[in-house]
Amino acid sequence: MEDESANSASETRRAYWRANLRLLGTLMAIWFAVSFGAGILFRPFLDQFMLGGFPLGFWFAQQGSIYVFIVLIAIYARRMHRIEREFALDDDDADTPIEGG
């Protein structure tokens, strides 16, 4: 009986980390595409367009990737909160106070 609960807990941990790594990989791929793609690879094409008086490729290289990174941090925080709730790891719902805190 103890083996079954240990296997179940182990499988839950694996599923949690798979969800966490899948989210992290997706968000990092988006950031890479925006920072490297828009700022370097597609810059000549994007420079045809202007944003705030500057070529769009230049804007992405200097500012845009930073803004996208900040948005991705907010998305990561919200999505991780959902993942933690899904796997019953959310400490916001804890009824008992944390000792020593």
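I call a residue buried under 20% relative accessible area, exposed over 50%, and partly exposed in between (1.4 Å probe, protein chains only). With that I looked up Phe42: at 51% relative accessibility, Phe42 counts as exposed.

**Ground rules.** I am working on a predicted model, where local features need pLDDT of at least 70, side-chain atom pairs count only at pLDDT 80 or more, and totals for chains, interfaces and linings use all residues. I number residues from 1 along each chain as its sequence is written, and side-chain values use heavy atoms, with hydrogens and water left out.

**Layout.** I took helices (H or I, at least four residues) and strands (E, at least two) as DSSP runs, numbered from the N terminus. The chain has three helices and two strands, and its elements run α-α-β-β-α from the N terminus on. Of the 101 residues in the chain, 22% are buried. I counted a contact as heavy atoms within 4.5 Å. Among contacts between residues at least 6 apart in sequence, 52% join residues at least 24 apart.

**Surface.** I used accessible areas from the Shrake-Rupley method with a 1.4 Å probe; for residues, only the protein chains shown count as cover. The chain exposes about 7800 Å², and carbon and sulfur atoms supply 62% of that.

**Around Phe42.** Phe42 sits in the loop between α1 and α2 (43-46). I also found Phe42 in a nonpolar surface patch with Phe32, Phe36, Ile40 and Leu41, with about 530 Å² of accessible area together. Patches are made of residues with over 30% relative accessible area and no salt bridge; like charges are joined within 9 Å, nonpolar side chains (Val, Leu, Ile, Met, Phe, Trp, Tyr) within 5 Å.

**Rings.** I paired rings of Phe, Tyr and Trp (its six-membered ring) if their centres lie within 6.5 Å; planes under 30 degrees apart count as stacked, over 60 as edge-to-face and the rest as tilted. My search of the whole structure gave eight aromatic pairs. Phe32 and Phe36 are stacked, because their ring centres are 5.1 Å apart and their planes are at 15°. These two are four residues apart in helix α1 (residues 2-41), so about one helical turn separates them. Phe32 is exposed at 51%, while Phe36 is partly exposed at 32%. Phe45 and Phe49 have ring centres 5.7 Å apart and planes at 75°, so I noted that pair as edge-to-face. Phe45 is partly exposed at 49%, and Phe49 is partly exposed at 40%. I also noted a cluster of Tyr16, Trp17 and Phe87, linked by ring pairs.

**Helix α3.** Where does helix α3 (residues 56-86) bend? I found a bend of about 50° at Gln63, taken as the angle between axes fitted to the seven residues ending there and the seven starting there. The buried residues of α3 include Leu56, Phe60, Leu72 and Ile83. Just after α3, Ala88 takes a positive phi of about 55°.

**Salt bridges.** I needed a side-chain nitrogen of Lys or Arg within 4 Å of a carboxyl oxygen of Asp or Glu. The structure holds three salt bridges. Arg14 meets Glu11 (3.5 Å, N to O), and both lie in helix α1, three residues apart. Arg18 also bridges to Glu11, the closest N and O atoms being 3.8 Å apart. Asp47 bridges to Arg43, with the closest N and O atoms 3.5 Å apart. Through shared partners, salt bridges join Glu11, Arg14 and Arg18 into one network.
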